[in-house]
Amino acid sequence: MFPLTEENKHVAQLLFNTGTCPRCIFRFCGVDFHAPYKLSYKELLNELQKFLEMEKDELILEVSNPPPKKIRLQELEDSTDNLSQNGGRISGIDDGSIVCKNPNLSVCNVCLGILQEFCEKDFINKVCQKVEASGFEFTNLVFSVSFPPQLSVREHAAWLLVKQEMGKQNLSLGRNDIVQLKEAYKWIAHPLFSEELGVPIDGKSLFEVSVVFAHPETVEDCHFLAAICPDCFKPAKNKQSVFTRMAVMKALNKIKEEDFRKQFPCPPNSPKAVCTVLEIECAHGAVFVAGRYNKYSRNLPQTPWIIDGERKLESSVEELISDHLLRVFKAESFNFSSSGREDVDVRTLGNGRPFAIELVNPHRVHFTSQEIKELQQKINSSSNKIQVRDLQLVTREAIGHMKEGEEEKTKTYSALIWTNEAIQKKDIEFLNDIKDLKIDQKTPLRVLHRRPLAVRTRTIHSMEIHYVDEHHFRLHLKTQAGTYIKEFVHGDFGRTKPNIGSLMNVTADILELDVESVDVDWPPALDD
């Protein structure tokens with residue numbers, strides 16, 4: 001059923017005469033249900049012709065503006081296939097634009113062709129071909145579009161025209177009465193995308209397909225706004241143009257109607273060209289893998305050890321784990337985090353240290369528990385320096401449990417201590433009786449380059465000693481997370497008080513240190 005009524009006829013005729021497409025006419029007539037927009041463009045023109053009781057050869061009317069340039073519709077391969085593809089992104093813009101198939105189609109003076117063939121099946125199918133060729137796994141998707149900013153200017157001009165005409169009939173038309181261009185586009189495109197790709201459109205999906213449109217007349221259409229409202233257009237480092245959609249909308253909300261009419265034609269002139277597709281991009285939201293790792297080497301940093309651009313050691317815990325994940329998930333990059341960190345010469349034993357890896361823009365995201373288990377085995381068989389356990393997919397929110405444990409939980413250590421003076425077992429037994437010792441630690445000298453200078457109070461919950469010989473004993477400690485164990489032993493030139501040396505009234509140093517447990521109950525333990 002054709003959605004326009006007799007009361008819409010005057011506005012429809014006015015807009016059509018000035019070069020507005022049928023779907024934009026629907027928008028300005030407040031047609032807010034989907035079905036009419038989904039008709040093919042040819043059907044819409046025929047139906048509009050009948051409604052306006054026009055002869056077929058009068059469909060494209062000459063107005064005071066120069067004749068509009070026709071949309072040159074070659075096969076979309078000529079346009080989209082000329083765009084270069086890189087990592088799921090297709091970018092580039094050519095001289096003429098991705099244009100329509102209908103040689104008699106004039107470019108709409110409001111939507112610049114967006115609601116003409118750019119939302120119809122042929123174009124959507126070409127975008128879907130690019131999506132399928134991108135190599136991403138997905139079971140649903142978010143579809144987004146970005147339009148040239150001057151569409152807001154042209155829509156504003158058309159609104160002022162219609163508002164003025166309706167005012168002559170004592171009728172009103174608010175800006176919110178117009179159906180938004182993006183809404184109308186999605187009403188048409190969403191079902192076509194869903195049908196072609198065989199998956200639902202879901203606003204919460206991690207997989208996004210975005211189409212960015214551009215137009216060569218953007219600066220020409222918008223420059224008067226910058227002259228009238230210069231404060232709305234501030235250059236930004238990450239923006240190629242000051243004429244962003246937000247800046248244009250800000251200026252349109254600020255400019256007076258009479259000033260706008262003086263600077264921009266109402267109705268808007270027919271454009272010299274149609275929109276082009278600047279970019280088609282596929283991107284998948286990050287996925288997260290968590291587990292626990294053991295480190296058995298005293299010559300392996302947790303993260304790459306690079307000083308002044310020079311790598312000091314060939315590998316790291318982070319790389320030994322992440323390199324495998326990057327390949328299997330086909331991700332672009334990663335971010336590694338863990339519950340605390342150990343020094344390069346410290347082993348991590350027991351049930352290991354919790355870690356999480358954010359995999360950025362992964363192309364593969366669906367794995368069975370057996371596949372994850374096999375991935376864990378592959379990591380473990382590739383190096384004798386580390387072992388991973390409880391490897392699993394987790395949510396972004398779940399990682400918060402790991403970070404909470406960094407300061408709140410306890411950690412257990414084993415340290416081999418040397419003393420400058422000879423000791424007997426009875427000289428150190430008193431350490432077993434010390435419970436919940438409060439110590440003040442000024443930021444250690446060795447980490448001062450990356451940690452702010454502060455005094456942190458930490459708790460040594462318990463200590464247990466094992467005598468070795470006159471100059472050595474092993475000390476087992478249970479401490480508050482965040483305690484600097486090496487400094488608690490040697491004192492760091494008095495920056496940690498009290499310390500083992502001051503408690504024993506000797507010079508003490510640490511020869512070996514192992515992390516025996518990190519008491520963070522995350523991620524959940526898995527069956528072997």
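The following legends describe close-up views of a predicted model.

**View 1. Thr443 and its surroundings.** Thr443 belongs to the loop that runs between strand S13 (435-442) and strand S14 (455-469). With a relative accessible area of 0%, Thr443 is buried. Its side chain meets that of Arg456 in a polar contact of 2.8 Å. Leaving aside residues up to four places away in sequence, Thr443 touches Leu448, Arg451, Pro452, Leu453, Ala454, Arg456, Asp492 and Arg495. Two of these neighbours, Asp492 and Arg495, join their own side chains in a salt bridge with an N to O distance of 3.5 Å. Arg495 is buried at 19% relative accessibility, and Asp492 is buried at 5%.

View 2. Leu445, Leu448, Leu453 and Phe493 make a nonpolar surface patch of about 470 Å². Leu445 is placed in the loop between S13 and S14, and its relative accessibility of 43% makes it partly exposed. Phe493 comes from another loop, the one between helix H16 (485-490) and strand S16 (496-497). At 79% relative accessibility, Phe493 is exposed. Its backbone also deserves attention: Phe493 has a positive phi of about 55°, although it is not a glycine.

**View 3. Asp436, a residue with positive phi.** Asp436 is part of strand S13. Although Asp436 is not a glycine, its phi is positive, at about 50°. The residue counts as partly exposed, with a relative accessibility of 46%.

**View 4. Two cis peptide bonds.** Cys266 and Pro267 are joined by a cis peptide bond, for which omega is about 15°. Pro267 is located in the loop between helix H11 (257-263) and strand S5 (276-284). Another cis peptide bond joins Trp522 and Pro523, with omega of about -5°. Pro523 is located in the segment that follows strand S17 (508-518).

**View 5. Strand S12 and its partners.** Strand S12 comprises residues 410-419 and is mostly covered, as nine of its ten residues are buried. S12 runs antiparallel to strand S15 (residues 472-480), to which nine bridges join it. Within this pairing, Leu416 has Arg474 of S15 as its bridge partner. S12 is also joined to S17 by nine bridges, and these two strands run antiparallel. Here Trp418 stands opposite Asp509 in S17.

**View 6. Arg353 in strand S10.** Arg353 lies in strand S10, which covers residues 347-360. At a relative accessibility of 1%, Arg353 is buried. A polar atom of the Arg353 side chain is 2.8 Å from the backbone oxygen of Ser339. Arg353 and Arg341 are twelve residues apart in sequence, and their C-alpha atoms are 8.3 Å apart in space.

View 7. The model contains 26 salt bridges. One of them joins the side chains of Asp345 and Lys486, with an N to O distance of 2.9 Å. Asp345 lies in the loop between strand S9 (333-338) and S10, whereas Lys486 lies in helix H16, so the pair ties together parts that are 141 residues apart in sequence. Asp345 is partly exposed, at 32% relative accessibility. Lys486 is buried, because its relative accessibility of 14% falls under the limit of 20%.

**View 8. A salt bridge between Asp427 and Lys426.** The side chains of Asp427 and Lys426 meet in a salt bridge of 3.6 Å, taken from N to O. Asp427 is partly exposed, with 33% relative accessibility. Lys426 is exposed at 62% relative accessibility, because this value is over the limit of 50%.

Conventions: Residues numbered from 1 in each chain as written. Predicted model: local features only at pLDDT ≥ 70, side-chain atom pairs only at ≥ 80, totals over all residues. Heavy atoms only, no water. Helix = DSSP H or I, 4+ residues; strand = E, 2+ residues; numbered from the N terminus. Buried < 20%, exposed > 50% of the residue type's maximum accessible area, 1.4 Å probe, protein only. Polar contact = N/O pair within 3.5 Å; in protein donor to acceptor, adjacent residues only side chain to side chain. Contact = heavy atoms within 4.5 Å. Patch = residues over 30% accessible without salt bridge, like charges linked within 9 Å, V, L, I, M, F, W, Y side chains within 5 Å. Areas by Shrake-Rupley, 256 points an atom, 1.4 Å probe, with all protein chains shown as cover. Salt bridge = Lys/Arg side-chain N within 4 Å of Asp/Glu carboxyl O. Pairing = 2+ DSSP bridges.
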